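Hi,

Here is the structure I promised to pass on.

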Amino acid sequence: MRKPLIIRILSALDRKAWLALGIFLALALVAVPALHLLVPESSPFHVSTYAITLIGKIMCYALVAVAMDLIWGFGGILSLGHGLFFALGGYAFGMYLMRQIGTDGSYGAALPDFMIFLDWKALPWFWLGSDSFGWAAFLALALPAVVAFVFGYFAFRSRIKGVYFSIITQALTYAAMLLFFRNETGFGGNNGFTDFKRILGYSITAPETRLVLFGLTALALATTLVLARWLVTSRFGRVLAAIRDAESRVMFIGYNPLWYKLAIWTISAVLCGIAGALYVPQVGIINPSEMSPGNSIEIAIWVAVGGRGTLIGPVIGAFVVNLAKSWFTVSFPEYWLFFLGLLFIVVTLMLPHGLVGLWKQFVAKRAAARGAAPALVAKGASA
């Protein structure tokens with residue numbers, strides 16, 4: 001008898017993985033809030049608002065990195081345009097946050113400030129319903145899904161893959177960035193959305209609100225890792241890996257790669273949309289620069305640094321690269337891009353399996369050394 005779905009999902013992780021996940025959630029949901037709210041700012045154990053915002057932002061990036069790993073590490077599809085889906089989720093939820101400003105904006109009008117500045121008299125049709133939290137949450141999921149499904153269907157049906165697919169995705173996000181930069185599109189032009197005030201009636205800058213958003217991001221990341229692990233170890237994941245390694249052979253035995261690739265591509269886009277929706281209220285801004293090709297290339301670097309095809313590797317890569325970025329852009333801002341390029345080259349040439357691969361090699365060498373020691377003792381005894 002086949003096990004229920006929830007049991008199969010929960011059994012996708014072993015005991016050590018559940019322990020690590022439990023420790024992560026305990027830190028994110030209990031330790032960090034306690035250190036932020038209960039420990040005075042003068043204490044070295046106090047977690048500052050800046051640290052909460054920074055870690056929350058990086059967790060959103062880690063969620064995007066896991067989404068990229070699903071298509072690149074397990075599907076063999078390298079996208080250089082995933083920043084588009086991240087930004088679409090951010091803009092969809094940002095519209096709701098802009099409506100929640102109400103008459104507290106600079107002009108004291110019901111319309112967002114940028115519309116008053118551009119002499120708009122009414123909301124565009126696509127802003128209708130944007131004052132509803134439920135509609136905004138739905139759009140943050142549906143918009144990236146629809147765009148990914150339509151684009152992916154025609155691309156995969158035409159059997160575009162490899163570097164050609166990567167270039168097309170980069171062109172797609174660049175075209176979207178240019179579109180959103182235009183004031184007449186109704187998305188704030190180059191300034192985007194900012195100056196948010198409330199979410200569900202609560203002050204968006206209140207410590208409690210920030211901690212709730214922080215906790216939701218941690219839960220979203222943990223849930224994504226569990227579901228992703230179940231997905232890649234299921235029959236679907238095994239077929240997807242086979243398509244990655246030998247697509248022609250998979251077609252020969254009767255599978256249609258189109259729907260498998262399209263499914264994982266759309267799921268990946270939805271995860272990016274969720275990350276974007278969680279990112280905007282924590283960081284306080286969304287603008288077209290999130291769609292820049294450079295940002296999408298950075299996503300691929302996070303996955304490569306951590307180790308693609310491992311799920312946990314992209315999370316590690318996102319934290320390592322972005323923490324380094326935060327330090328470099330303050331201490332040596334003019335050298336950050338050189339460091340990022342050097343990091344990518346070193347990983348590509350010397351660490352093809354990323355930091356996770358390096359750790360596995362270290363563990364394997366230690367295990368081999370431990371196994372060799374008893375053998376030497378036994379050999380000496382026999383001599």
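Before the details, one cut-off: a residue is called buried when its relative accessible area is under 20%, exposed when over 50%, and partly exposed in between. Also keep in mind that this is a predicted model.

Take lysine 161 and glutamate 247: they form a salt bridge, with the closest N and O atoms 3.5 Å apart. Lysine 161 sits in the loop between α6 (133-157) and α7 (163-181), while glutamate 247 belongs to helix α9 (residues 235-252), so this pair links distant parts of the chain, 86 residues apart. Is glutamate 247 buried or exposed? Its relative accessible area is 13%, which makes it buried because that is under 20%. Lysine 161, at 42% relative accessibility, counts as partly exposed. There is also a network of salt bridges here, linking Lys161, Glu247 and Lys261.

Next, aspartate 104 and arginine 198. Their side chains meet in a salt bridge at 2.8 Å, N to O. Aspartate 104 is in the loop between α4 (82-99) and α5 (113-117) and arginine 198 is in strand β2 (residues 198-199), so the pair ties together parts that are 94 residues apart in sequence. Both ends have some accessibility: aspartate 104 is partly exposed with a relative accessible area of 40%, and arginine 198 is partly exposed at 25%.

Glutamate 298 counts as buried, at 10% relative accessibility, whereas lysine 325 is partly exposed at 26%. Leaving aside residues up to four places away in sequence, glutamate 298 touches Lys325 and Leu340. The C-alpha atoms of glutamate 298 and alanine 318 are separated by 9.2 Å, and the two residues are 20 residues apart along the chain.

Now for the helix that carries glutamate 298, namely α11. I looked at how it packs with two other helices.

One of them is α3. The axes of helix α3 (residues 49-72) and helix α11 (residues 293-306) come within 9 Å and cross at roughly 80 degrees, which means that α3 is roughly perpendicular to α11. On the α3 side the contact is made by Tyr61, Val64, Ala65, Met68, Asp69 and Trp72, and on the α11 side by Ile299, Ala300, Trp302, Val303 and Ala304. By class, that contact has 10 nonpolar residues, no polar ones and 1 charged.

The other is α13. Here the axes of α11 and helix α13 (residues 336-350) come within 10 Å and cross at roughly 45 degrees, so the two helices are oblique to each other. The crossing is left-handed. Glu298, Ile301, Ala304 and Val305 of α11 make the contact with Leu340, Leu343, Phe344 and Val347 of α13. Those residues divide into 7 nonpolar, no polar and 1 charged.

Cheers

Technical notes: Residues numbered from 1 in each chain as written. Predicted model: local features only at pLDDT ≥ 70, side-chain atom pairs only at ≥ 80, totals over all residues. Heavy atoms only, no water. Axes fitted to C-alpha atoms, helices over the stretch in contact; angles between N-to-C directions. Helix = DSSP H or I, 4+ residues; strand = E, 2+ residues; numbered from the N terminus. Parallel < 35°, antiparallel > 145°, perpendicular 65-115°, else oblique. Contact = heavy atoms within 4.5 Å. Nonpolar A, V, L, I, M, F, W, Y, C, P; charged D, E, K, R; others polar. Left-handed = near helix turned anticlockwise from the far one by under 90°. Salt bridge = Lys/Arg side-chain N within 4 Å of Asp/Glu carboxyl O. Buried < 20%, exposed > 50% of the residue type's maximum accessible area, 1.4 Å probe, protein only.
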